[in-house]
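Have a look at the sequence and the fold first.

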Amino acid sequence: MYYDLSYLLFMLPAILLSMWAQFKVKSSYNKYSQIANSRGMTGEDAARAVMSANDIIGVKIEHINGTMTDHFSPTENVIRLSDGVHRQTSIAAVCIAAHEAGHAVQHAQGYLPNKIRSGVIPVANITSKLSMPLIIAGFLLSDTLIWVGIIAYSLAVLVYLVTLPVEFDASRRALNTIKSTGMLSESEYKGAKSVLTAAAMTYVASALTALVQFLRLLLIVSGRRRKN
């Protein structure tokens, strides 16, 4: 009942940023996935190089089907690289694999924001699904349920917010290693930075969307209390 014109106006900045970020990441990836790096380094090579430069051992690297399905699994200590990254020699493949290896380095070194994120995610996955039903039920039954729903949703917002330093730091680690080891040439490094910067903006957009939605819920509840 609250998804009206005011909702659109309130969310418009986040919606526009999200659309722009998706456009940038797709265009950057499409461009640099077509350009091979001059060293002939594959995504797998890049991931191993980042871990070697940081003295990280025991992390497996596996192939996973799909496009942009790359990820690091801390529970399995495995980096999984997609079709367009694993054995590919594009600039995009190198920087994406290096970024995922950056997450493996974070895990091995106990990077605090990453530990917080890992600890909150299991709970947030549950509470985020319950939050909206609780809030809707609260509007019909009790303000207490509304606040319980908002608190539940706040954990999901926390995950989005703590994801920002985690993702930015993984990219920083990746780019620093790429530069210090000469993994890519100077011009290729600029392309890698473009891809990772565009990808980071998608996380900024997601965090902003979640935060704005959270603030809007607070305003709705505050307005309801004043009316009562």
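What follows goes from the overall layout to one helix and then to a few individual residues.

Keep in mind that this is a predicted model. The protein has 6 helices and 3 strands, and along the sequence they come in the order α-α-β-β-β-α-α-α-α. Out of 228 residues, 44% count as buried. If you take the contacts between residues at least 6 apart in sequence, 72% of them join residues at least 24 apart.

Now for helix α4, which covers residues 112–140. Several α4 residues are buried, among them Val 120, Ala 124, Thr 127, Ser 131 and Ile 135. An α-helix has 3.6 residues a turn, so residues three or four places apart point the same way.

| Residue | Where it sits | Relative accessibility |
|---|---|---|
| Thr 163 | helix α5 (residues 143–181) | 7% |
| Met 41 | loop between α1 (5–32) and α2 (43–53) | 19% |

Thr 163 counts as buried because its 7% falls under the 20% cut-off. Its side chain reaches the backbone oxygen of Val 159 at 2.6 Å. Leaving out neighbours within four places in sequence, Thr 163 is in contact with Arg 117 and Tyr 203.

Met 41 also makes it under the 20% cut-off, so with 19% it is buried too. Which residues does Met 41 touch, not counting those up to four places away in sequence? They are Ala 46, Gln 88, Thr 89, Val 94 and Met 183. Pro 122, on the other hand, is 36 Å from Met 41, C-alpha to C-alpha, and the two are 81 residues apart in sequence.

Last up, the aromatic rings. The structure holds 0 aromatic pairs. There is a charge over a ring, though: Arg 173 lies over the face of Tyr 111, at 5.4 Å from the ring centre.

Key:
Residues are numbered from 1 along each chain as its sequence is written. This is a predicted model: local features need pLDDT of at least 70, side-chain atom pairs count only at pLDDT 80 or more; totals for chains, interfaces and linings use all residues. Side-chain values use heavy atoms; hydrogens and water are left out. Helices (H or I, at least four residues) and strands (E, at least two) are DSSP runs, numbered from the N terminus. The expected span of a helix is 1.5 Å times one less than its number of residues. Buried means under 20% relative accessible area, exposed over 50%, partly exposed in between (1.4 Å probe, protein chains only). Rings of Phe, Tyr and Trp (its six-membered ring) pair if their centres lie within 6.5 Å; planes under 30 degrees apart count as stacked, over 60 as edge-to-face and the rest as tilted. A charge sits over a ring if NZ of Lys or CZ of Arg is within 6 Å of the ring centre and within 35 degrees of the ring normal. A polar contact is a pair of N or O atoms within 3.5 Å; within protein, one must be able to donate a hydrogen and the other to accept it, and residues adjacent in sequence count only if both atoms are side-chain atoms. Contact means heavy atoms within 4.5 Å.
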